[in-house]
Amino acid sequence: MVTPLLSIEDIHVDVDGNQVIKGLSMEIRKGEVHAIMGRNGAGKSTLAHVLMGHPDYEVTSGSVRFLGRPLEELEVWERARAGMFLSFQYPQAIPGVQVGTFLRKSVQAVRGDDAPSNKELRMEMKKAMEALGVDRSFLARYVNDGFSGGEKKRLEILQMLLLTPELAILDETDSGLDIDTLRTVATGINSVAENSGCLVITHYQRLLDYLKPTHVHVMIDGAIVMTGGPELALEVEEKGYDWLQPTGTTGVLP
Amino acid sequence: MSTPAFNAYRSLPVPSRSVHAWRYTPWKKIHPTGEPDVIPSDLIAATATISMLDGTDVPVGVSLEMRESVLRDSPLPDDDIAVAFLREVCNEHWHLKVESNIVLKSPLLVEIRAGGHLAAIETSVDIGAHSVVESVWTISGEASWFGFLRQGSIAVGAEYCEVMEQALASSTVFLRGEGWDVGRDATMNSCILSLGGSLLRSDIRSRIVQGSTIKQLIASYGIGDRSDDHHLEIDHVFGNNVSRVVLHSACDDSSRAVSTGQLRIAKGANGSNASQIFRNLLLSPDARAESIPELEVLADDVSAAHGAASAPIDPEQLFYLESRGLDPDAAQHLVVEGFLIAAMQELGSGKLFDWLRGRLTIHLDCALLE
């Protein structure tokens, strides 16, 4: 049996002494797109940060394996080099660091011996930027410094395209995007999803109109309360989350 | 010796820490022998050369000549002990002159090299009226002590932009005094990249008049127990002008950055627009930074602002960069590089900015490999 890209088994996570994730399990395999939906504060972004290795989050029990390796063995940068990518909900500004420099260093770090030459990278950048409708002048700007919300999300997806991850985690990539940008960003995600696994965290069905989730999970109060196919997202959009308020067990749609 | 400068130096008291400009680096510490009464006789004159950055010939109307030391009116006070000392020990005076109405297509390259045990140099810069000049200055060498005195005049309507890479040996003690006059409707943009030296004290003072603009940008990077002390003063003698001071210091290990400043807007200098910003990035628990910007405003209709901030590196920035595969050292270096480059961004010359940024990148990349 093929090893899952990501295997989460009953993890519990504390932040500042408060339990935010309370027993969560899931598996993601190559070619699968998993969407996690849930209200604010459900623990969705916490999960994303835990997977990427944010030092403020402590996994108190359970286990996570990435490509068969225990995740706790890997530092943040090692996870990135192993093929994990997190598209941030609120990407950090790095004043004084040009996007072009940042992309080059990231690609060299993540793709290592397989990194393209400078000329090849320029070609890859050009192609990816055209696909995302990003102007060339983007490369000379400082990373996320003075960027609009849409520009930040485009840069996140541009990085994802260039870093060619095994597993892409997208934390509310759709928030604050107009419909045209959303469509463009979704196209970028779809192109990566063909050859990797995706974990898409979102509040709304909107992004899922343009992606093809293979699995939809609803997360409430730090746990997945329902898992289903794309139809679950539509049902949540229609009914909201109240009907999924946990009764003590995780449900699976028939 | 009985030169006026010598007499001036001997007659001056050692400044106390109550003097704003001398609050952090005592004269005794920056003096080449540590004994204020001693004026070393074994100083070697540093060398200065001029060329064009693009390798072309230095054009007619531009010259660098050695002259006898000439004292003249300068924003640097005669009664400052460091200025008087530098005037005493600088035996040679290099005069960079650009005639009026010269527009240079390529930046000048002025290279200063401080060899020997103790070295010093006095230079002056004269940019003629309505000339447009860019220059790159490099200061290098292995002298254990280097004194650098410079005074400059930017004549009416001239535009002068310079960058300076200070890359002295890591053990050098560096004493600098600079005084600049920026004439009517003239512009001076300068950026210093301070990388070398162990103990450094710079006193840079400028005067601006009607219609003039000055930008003084400084980026300093300290490692080990390096101490880099900048005192920056700008006098708005008349109004309707602009001054901007930006100093970014990144301090690693047990290094220290000091920035004291004074913006002075004279009575009646209305329409002055002045700002002074000191930012310190502390990369280690043992790194220290002190910043004291001061304003003295005697005019009514002005815009004046000052600010100082010291903070450790933002862990969220590091997390973001590490999530892109950069190891912790590489992530920190990138943040530091960005922080220092951000100090330079108002330079106004893409060519000089790129040159200086390239030098910074090389320096940091080398540091990363050590």
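Which strands of chain A form an open sheet of four strands, and in what order? The order is S2-S1-S4-S5, with antiparallel pairing, where strands are DSSP E runs of at least two residues and helices are H or I runs of at least four, numbered from the N terminus, and where two strands pair if DSSP finds at least two bridges between them. This is a predicted model, in which local features need pLDDT of at least 70 and side-chain atom pairs count only at pLDDT 80 or more, while totals for chains, interfaces and linings use all residues. Residues are numbered from 1 along each chain as its sequence is written, and chains are lettered from A and ligands numbered from 1 in the order in which they are written.

Select strand S2 (18–28) and strand S5 (69–70) of chain A, which stand at the edges with a single partner strand each, so one side of each has no neighbour in the sheet.

Then move to A:Asn144, in the loop between strand S8 (142–143) and helix H5 (149–163) of chain A, whose phi is positive, near 60°, although the residue is not glycine. A:Asn144 is buried, with 21 other C-beta atoms within 10 Å (buried is 20 or more, exposed 12 or fewer, partly exposed in between, with C-beta atoms placed from the backbone).

Finally, select B:Asp185, in the loop between strand S10 (173–182) and strand S11 (187–194) of chain B, where phi is again positive, at about 55°. B:Asp185 counts as partly exposed, with 19 C-beta neighbours inside 10 Å.
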